[in-house]
Amino acid sequence: WNGSGDIFVAWSWKGDGVAGGTLNEDGTIDSQVNVNTAAGFSIIEFAGIDDSTPTVGHGLTEAPEFVIAKNRDENGRWIVYATPLADGDNLWLNLTNAESADTAYIQGQDNTSSVIQLNQSSGNNNLGHSGDTIIMYAWHSVPGYSKMGTYEGNQNVDGTFVYTGFRPAFIIVKEQDNVSQWVLKDDKRSNSYNPQDERLAPNLDNGPLGSGRDLDMVSNGFKFREDASDSSAMNDSATYVYIAFAASPFKYANAR
């Protein structure tokens, strides 16, 4: 991550700055949380316990809509839950798999304004595995700053428009029902004008994947400008999960 002459990109979210986090006892598992409630963001660390349906407190004021989790003590998947997924279904940030319930790690629709519901299951990267340290990153939508949800692609150069209510600076997209790459876009690595064509895939260790998956980042959302049909497309005739964040937070976003 610091190779001589290499160019790097990073995306950062600010918590509350309390070193080591703050004890949260809302769930059946105690957690340490670092929370920014205004930005709808929380970092959660906890130790797994043997419980068929454990819960863990997240410190936010609303139920998380997008959660990324990893067992730090075992080899295993990066687990993703997004609100549009069926209850008990998950995606994996390091894989191209479609939505699946075969390993049900985050129960999802049972998340509340105080806890995240886990689902005990087999596997060495289980989020409830006794004694293992788990890290989670959780978000919920905040008007004018962040938006999570789904959209339907149309496989057309006059692509789908996704309304967010702000100009995005960072977007992650994944087809929900089929095998496909994750696609990550931002407004720093590509053109200073639309369309934005450079992309990364979190499930790959490649560098930038180059042009050809174009989208416009506009003052109130994003619109696709490509009609390619392959595993890295973002506008096939399919359902996609997305998470987007603003360039200028809240009500101060500028047109582009």
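Buried, in this talk, means under 20% relative accessible area, exposed means over 50%, and partly exposed is in between, with a 1.4 Å probe and protein chains only. By that cut-off, strand β9 is mostly covered, with five of its seven residues buried. Strands, and helices too, are DSSP runs numbered from the N terminus: E for strands, at least two residues, and H or I for helices, at least four.

A word on the source. This is a predicted model, numbered from 1 along each chain as its sequence is written, in which local features need pLDDT of at least 70 and side-chain atom pairs count only at pLDDT 80 or more. Totals for chains, interfaces and linings use all residues, and side-chain values use heavy atoms, with hydrogens and water left out.

Now the overall picture. The protein chain has 16 strands and zero helices. Of its 256 residues, 51% are buried. Contact here means heavy atoms within 4.5 Å. Taking contacts between residues at least 6 apart in sequence, 59% join residues at least 24 apart.

Back to β9 and its partners. Two strands pair if DSSP finds at least two bridges between them. β9 pairs with strand β3, residues 41-47, in the antiparallel sense over seven bridges. Within that pairing, isoleucine 44 has methionine 136 of β9 as its bridge partner. β5 also runs antiparallel to β9, joined by six bridges, and valine 67 stands opposite alanine 138 in β9.

Next, strand β15, residues 221-224. Both of its faces are covered: Gly221 and Lys223 are buried on one side, Phe222 and Phe224 on the other. Strand β14, residues 215-218, is joined to β15 by four antiparallel bridges, and the two form a hairpin with two residues between them. In β15, lysine 223 stands opposite aspartate 216. β15 also pairs with strand β11, residues 161-163, antiparallel over three bridges. There, tyrosine 163 stands opposite glycine 221.

Now the core. A nonpolar core is a set of buried Ala, Val, Leu, Ile, Met, Phe, Trp, Tyr and Cys residues joined through side-chain atoms within 4.5 Å. The largest one has 57 residues, and those touching the most other members are Phe66, Ile106, Ile116, Leu127, Met136, Tyr151 and Phe222. Which strand gives the most to this core? That is β16, residues 239-246, with seven residues. Leucine 127, leaving out residues up to four places away in sequence, touches a list that includes Phe46, Ala69, Ile79, Ile106, Leu118, Ile134 and Met136. Lys70 and Asn71 are also among the residues that leucine 127 touches.

On to the pockets. Rolling a probe the size of a water molecule over the atoms shows where empty space is left. On a 1 Å grid over the protein atoms alone, a pocket is an open set of points where a 1.4 Å probe fits, with protein on both sides within 12 Å along at least five of seven lines, and lining residues have an atom within 4 Å of a point. Points are joined across faces, edges and corners, and a volume is the space filled by probe spheres set on them.

The largest pocket has a volume of about 680 Å³. It is lined by 24 residues, and Trp11, Leu93, Phe170, Leu184 and Pro202 lie nearest its centre. β5 (66-71), β9 (133-139), β12 (168-175) and β16 each give two or more residues to that lining. By class, the lining has 21 nonpolar, one polar and two charged residues; Ala, Val, Leu, Ile, Met, Phe, Trp, Tyr, Cys and Pro count as nonpolar, Asp, Glu, Lys and Arg as charged, and the others, Gly among them, as polar.

The second largest pocket holds about 280 Å³. Of its 15 lining residues, Trp11, Ser12, Ala169, Phe170 and Ala246 are closest to the centre. β12 and β16 each supply at least two residues of this lining, which has eleven nonpolar, one polar and three charged residues.

Tryptophan 13 sits in the segment before β1 (22-24). Leaving aside neighbours within four places in sequence, tryptophan 13 contacts Phe41, Trp139, Tyr145, Phe170 and Phe245. Its C-alpha atom is 9.0 Å from that of serine 42, 29 residues apart along the chain.

Glutamine 155 lies in the loop between β10 (146-152) and β11. Most residues other than glycine have a negative phi. Glutamine 155, not a glycine, has a positive phi of about 50 degrees. At 36% relative accessibility, glutamine 155 counts as partly exposed.
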